[in-house]
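Biologist: Please take a close look at the aromatic rings in this model. Which rings pair up, and how are they arranged?

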Amino acid sequence: MPGEASESELRGPVQVPNGQMPRMRSLTTCTSSLTPSPTKGHRLLTPGNVSSVTNLQESSAAEVPELNMNDPANRGVHSRTQNRILFADLRHWVLGAGVEDSWLGQTHSSGRQRVPRDSAMWTGWWLWPLVAVCTADQFRDNAVRLMQSTPVIDGHNDLPWQLLKNFNNQLQDPRANLTSLNSTHTNIPKLKAGFVGAQFWSAYTPCDTQNKDSVKRTLEQIDVIQRMCQLYPETFLCVTDSAGIQQAFQEGKVASLVGVEGGHSIDSSLGVLRALYHLGMRYLTLTHSCNTPWADNWLVDTGEDEAQSQGLSSFGQSVVKEMNRLGVIIDLAHVSVATMEAALQLSKAPVIFSHSSAYSLCHHRRNVPDHVLQLVKQTGSLVMVNFYNDYVSCKAEANLSQVADHLDYIKKVAGAGAVGFGGDYDGVSRLPSGLEDVSKYPDLVAELLRRQWTEEEVRGALAENLLRVFKAVEQASDHKQAPGEEPIPLGQLEASCRTKYGYSGTPSLHLQPGALLASLVTLLLSLCLL
């Protein structure tokens with residue numbers, strides 16, 4: 001572009017020749033090594049000029065220790081040190097601290113000359129964008145540092161669905177190799193780059209399987225998650241409790257948990273619910289984008305579906321109670337507002353929204369309204385923010401900053417303990433710029449740090465909030481308590497593709513009083529004729 005310095009002009013140390021404005025450094029050299037220049041009349045940015053951004057006193061070059069840059073542990077330290085040096089030295093230059101060029105103006109009481117106010121203001125147009133870019137590296141470095149000890153637990157990833165669609169769950173197909181698979185948002189190198197330490201993998205089966213083969217399909221998706229752990233044991237560790245997540249953190253692996261997405265996967269059976277628990281399911285989303293016979297989904301709030309249960313039916317309440325007894329996390333993503341309210345009020349343990357955002361920022365019914373966020377706060381529950389553009393900006397386009405807005409908003413309304421990440425990677429078609437795949441989590445964490453989130457708040461959003469909820473669910477469970485046995489009434493089930501065993505064997509339990517009386521009269525008449 002006109003007026004831009006050439007690449008050769010942007011290389012090398014920043015100098016201020018007498019009577020000239022300094023040239024900007026290349027943005028890629030913000031953290032490069034700065035060396036002294038013997039040229040008289042030049043002000044050089046060196047480690048010896050300053051000690052920190054907030055402390056603008058001069059220091060000697062000897063105060064900056066030499067680092068062995070062959071040691072990877074030192075590289076982030078070196079980068080952060082150089083960022084602080086550059087930022088502070090630029091402030092020195094603008095304020096005239098220690099600048100000896102006569103053109104800069106009047107002399108400070110210390111004997112040093114400094115930039116007049118109008119000159120300092122004039123330089124702001126180029127200085128502060130440069131500083132912003134350079135300090136951005138520092139936020140990114142801090143994000144990486146935090147995530148090395150507290151990796152992210154993501155609430156929802158649909159990679160298993162992609163494995164079904166693209167490879168029919170055949171993991172040994174060379175095209176399905178998770179170390180080189182590039183057609184998905186998720187693969188092993190991206191997980192490592194994104195510091196993903198635990199993932200709830202979605203065992204998802206579409207709504208059109210309801211009353212058909214939903215249980216079979218769900219079992220197959222749980223199976224493929226378990227086979228991921230078997231095929232890549234150096235990367236994935238299948239776990240079923242909070243202690244397992246922390247073990248995976250220590251081993252540097254991705255703790256892999258099963259989240260079943262959609263209550264239709266249990267086919268209205270408490271027995272199936274228990275069986276899925278024993279196979280590793282640790283959360284159940286009460287509905288997907290369809291009603292179950294016992295819970296209403298979010299499309300009820302748009303008017304596209306009719307309410308059947310007014311939130312939760314009597315059997316739906318039994319499902320919630322049995323999940324509490326077992327220690328299965330209740331997931332309210334995809335449900336109607338009435339279902340949210342009913343479950344939050346009934347559950348003895350905190351719940352999660354595994355992949356939902358804030359309704360006040362994007363008026364999409366998949367998001368969580370403010371009054372429900374208040375219930376989330378009161379119950380110690382958790383909202384894991386979804387990255388899907390349509391739920392972030394209510395438009396086809398979105399960006400990383402807007403996702404951070406949702407995190408900010410939920411923190412403001414429900415508290416820092418109510419915030420988590422639920423990217424919905426490989427389950428959506430549009431993702432924000434800056435969050436294109438699972439490797440981008442550090443950039444989002446850097447943005448939170450830039451917005452002055454404390455390290456404690458960031459660690460909470462990364463992992464500690466979910467671990468707290470999971471532990472509370474485990475503590476509320478009681479396997480000594482008798483399991484629920486009351487079946488859903490036969491009349492609430494669609495009968496086209498199912499048998500009636502159990503129901504048909506005891507028909508008198510389901511006859512209306514008039515029909516029962518008629519049957520008894522017929523029996524008595526038959527006996528009299530004998």
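Modeller: Start with a charge over a ring: Lys411 lies over the face of Trp453, 4.8 Å from the ring centre. The model is predicted. Now the ring pairs. Searching the whole structure turns up eleven aromatic pairs. One of them joins Phe387 and Tyr425. Their ring centres are 5.6 Å apart and their planes meet at 85°, so this pair is edge-to-face; the cut-off for that class is over 60 degrees. Where do the two residues sit? Phe387 is in the loop between β8 (382-385) and α12 (389-392). Tyr425 is in the loop between β9 (419-421) and α14 (441-450). The pair therefore ties together parts that are 38 residues apart in sequence. Are these two residues buried or exposed? Phe387 has 0% relative accessibility, so Phe387 counts as buried. Tyr425 is buried too, with a relative accessible area of 0%.

Next comes the pair of Phe421 and Tyr441, which is tilted. Centre to centre, the distance is 6.1 Å, and the planes are 40° apart. This pair also links distant parts of the chain. Phe421 belongs to strand β9 and Tyr441 to helix α14, 20 residues apart. Both Phe421 and Tyr441 are buried.

Now put the pieces together. Phe387, Phe421, Tyr425 and Tyr441 are linked by ring pairs into a cluster. That cluster includes the edge-to-face pair of Phe387 with Tyr425 and the tilted pair of Phe421 with Tyr441.

Conventions:
Residues are numbered from 1 along each chain as its sequence is written. This is a predicted model: local features need pLDDT of at least 70, side-chain atom pairs count only at pLDDT 80 or more; totals for chains, interfaces and linings use all residues. Side-chain values use heavy atoms; hydrogens and water are left out. Rings of Phe, Tyr and Trp (its six-membered ring) pair if their centres lie within 6.5 Å; planes under 30 degrees apart count as stacked, over 60 as edge-to-face and the rest as tilted. Helices (H or I, at least four residues) and strands (E, at least two) are DSSP runs, numbered from the N terminus. Buried means under 20% relative accessible area, exposed over 50%, partly exposed in between (1.4 Å probe, protein chains only). A charge sits over a ring if NZ of Lys or CZ of Arg is within 6 Å of the ring centre and within 35 degrees of the ring normal.
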